[in-house]
Amino acid sequence: MDKFYHSVHLDEKLCRGCINCIKRCPTQAIRVRNGKARINSKFCIDCGECIRVCPHHAKQASYDSLDTMKTYQYTVALPAPSLYSQFNNLEDVNILLNALLLLGFDDVMEVSAAAELVSEATREYLAEHQENLPMISTACPSVVRLIRVRFPNLIPHLLPLNPPVEVAACMAAKKAMEETGLKREDIGICFISPCPSKVTYARTPLGVQTSQIDRVFAIKDVYPRLLSCMKAVGEDPKEIGTSGKIGISWGRSGGEAGGLFTESYLAADGIENVIRVLEDLEDQKFTNLQFVELDACSGGCVGGVLTVENPYVAEVKLKRLRKYMPVARSHMDVEHTEEYMRWTGNVDFEPVFSLGQNIMESFAKLNQVERLLGRLPGLDCGSCGAPTCKALAEDIARGEAREEDCVYYLRESLHKLSTEVSRLADDMAAGEKDGKETLRLLKEYIQKISDDMAKLDEEKR
Amino acid sequence: MEAIVLKYEISPDDFTRAGEASSDVKNKLKQMGVAPEAVRKVAIAMYEGEINMVIHAKGGEITVTITPEKIVMELADVGPGIPDVELAMQAGYSTAPDEIRSLGFGAGMGLPNMKKYSDDMKIDTEVGVGTTITMVVNL
């Protein structure tokens with residue numbers, strides 16, 4: 001699988017080539033070319049911001065359809081903690097968990113239960129590794145991808161533990177095989193996800209070779225079906241839930257850090273805020289921090305683009321739900337959990353933002369960018385298809401755009417040419433100079449003008 | 001090939017903008033594909049210097065010269081000057097007033113960190129005239 005696999009893609013038919021997504025992409029991964037948005041797969045971190053802002057719904061997330069459940073003999077649902085926050089007046093998680101069984105899943109393994117194990121393992125890891133603090137959470141795949149391409153100095157600070165969903169998937173697969181005697185390929189481990197970033201994780205995980213997650217469903221797809229199933233769950237639902245406050249809280253920003261029993265943590269949410277924190281971390285502006293929790297979405301996982309509820313309302317619901325829960329209900333004494341926890345692979349720096357192949361070439365290109373910046377208007381209008389004049393300058397240096405892509409540059413060029421044309425026409429009328437030569441020049445300039453005009457038309461297409 | 005010369009005006013007493021210059025340089029070095037460790041050194045050394053100019057010197061000008069071999073950062077101000085350079089270089093020594101310390105700055109690690117993270121540092125200072133600090137990070 002391509003190491004730059006993505007779960008965010010474009011529906012060309014719907015794209016009108018506006019500048020909303022290019023302006024909001026935190027890694028400047030999108031350009032409008034020939035009237036359609038193009039995502040640079042090396043820069044994209046699957047944060048889903050473009051899905052959120054596209055007014056034409058042309059940016060879409062890839063995830064599995066619920067029908068794919070039928071391809072397995074036995075299925076296990078892995079509900080994300082954020083799923084619990086989507087319903088009004090949900091007082092008992094068991095109603096939701098039993099509804100998942102009614103929906104057709106054979107078993108349920110709560111991601112929040114695995115989250116409590118990860119919290120425990122993180123506490124142990126921090127106690128044993130005081131030399132490399134702060135550790136940065138690796139639960140949000142977009143954040144890990146962002147660090148991989150942009151913050152090489154922070155890679156050693158990544159917490160080398162699998163995210164709760166992976167631990168839950170490992171546990172669920174083992175349990176299902178033991179209980180049913182089925183082969184692994186006949187069992188479908190299905191994550192019900194708040195975001196497309198987890199789809200990317202399931203296909204191309206970082207930290208482990210392959211993920212145990214077989215299918216990723218969207219909360220927004222499962223939601224309407226769950227509502228009717230929840231009504232069908234009786235008065236006294238079977239006790240399935242095995243997680244407490246700590247596990248459920250992972251669904252919102254600060255929840256993961258809160259489970260570490262330390263005050264020395266920082267939790268930031270929203271991709272722009274996350275980038276600011278990473279920049280400052282890189283410059284060593286924080287001292288005495290044990291842990292840094294970063295979530296690409298505002299509010300944490302409850303803010304994922306595949307959820308249905310407003311993230312801040314969802315947070316309130318999560319708070320109410322956990323009010324009468326015990327602190328934690330799942331512990332590391334479960335067999336094999338240790339081996340499901342640790343990373344088995346490394347995360348390597350991918351210098352995708354380098355301008356050239358080597359330092360000399362990059363230096364030359366950086367030089368070119370600086371010179372170009374002096375000529376471009378600095379309006380960051382986006383009309384060229386790049387989010388800023390600087391991004392256009394970088395594209396030109398990379399050989400992926402031309403100066404004429406800038407409408408202001410083009411206008412200037414047209415202006416100069418038309419001045420020349422009228423001067424030549426005046427010369428001809430006055431009968432000065434060689435008439436034939438002037439006529440030739442005049443034709444040449446007119447040709448240039450129509451070439452430039454053609455470029456403008458090209459932009460519109 | 002000609003060097004890339006970047007100039008930054010540092011405004012006095014503006015903590016919200018302090019760090020903008022070092023951040024810009026850092027991102028350019030990343031685009032240049034400079035080794036992460038060297039990027040880190042430049043970012044930390046320059047940020048410390050930038051903050052010092054904001055706190056002590058009522059701003060100034062930073063000139064960064066980038067070549068494929070090295071980064072030279074020249075931080076020039078017309079501030080009060082440093083009366084005792086040796087003392088100022090000691091870790092923990094600080095003349096920052098309380099209101100600066102309450103912002104979390106002024107731990108007395110500015111100059112020591114600048115020295116620590118640069119490969120070469122020269123301080124040219126005169127009381128009442130100003131200070132120019134030149135730091136070099138080799139690539």
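These legends describe close-up views of a predicted model, covering a domain interface and several salt bridges. Residues are numbered from 1 along each chain as its sequence is written, and chains are lettered from A, with ligands numbered from 1, in the order in which they are written. In this predicted model local features need pLDDT of at least 70 and side-chain atom pairs count only at pLDDT 80 or more, whereas totals for chains, interfaces and linings use all residues; side-chain values use heavy atoms, with hydrogens and water left out.

**View 1. The interface of domain 1 and domain 2 of chain A.** Chain A is divided into domain 1 (8-61), domain 2 (66-341) and domain 3 (359-460), with bounds that come from an automatic or database domain assignment. The contact (heavy atoms within 4.5 Å) takes 13 residues from domain 1 of chain A and 16 residues from domain 2 of chain A. About 1,100 Å² is buried between these two domains, 65% of it given by carbon and sulfur atoms; this area is the accessible area (1.4 Å probe) that two parts lose on being put together, summed over both. Across this interface the rule finds 0 salt bridges, a salt bridge being a side-chain nitrogen of Lys or Arg within 4 Å of a carboxyl oxygen of Asp or Glu.

**View 2. The salt bridge of B:Lys26 and A:Glu279.** The closest N and O atoms of B:Lys26 and A:Glu279 are 2.6 Å apart. Because B:Lys26 lies in helix α1 (residues 20-31) of chain B and A:Glu279 in helix α11 (residues 271-282) of chain A, the pair joins two chains; helices are DSSP runs (H or I, at least four residues), numbered from the N terminus. B:Lys26 is buried at 1% relative accessible area, and A:Glu279 is also buried, at 10%, where buried means under 20%, exposed over 50% and partly exposed in between (1.4 Å probe, protein chains only). Both residues belong to a network of salt bridges that includes A:Arg150, A:Asp280 and B:Lys30.

**View 3. The salt bridge of A:Arg423 and A:Glu420.** The closest N and O atoms of this pair are 3.1 Å apart, and the two residues, 3 residues apart in helix α16 (residues 407-430) of chain A, are separated by about one helical turn. A:Arg423 is partly exposed at 37% relative accessibility, as is A:Glu420 at 25%.

**View 4. The salt bridge of A:Lys70 and A:Asp67.** Here the side chains meet at 3.5 Å, N to O. A:Lys70 is exposed, with a relative accessible area of 69%, while A:Asp67 is partly exposed at 46%.
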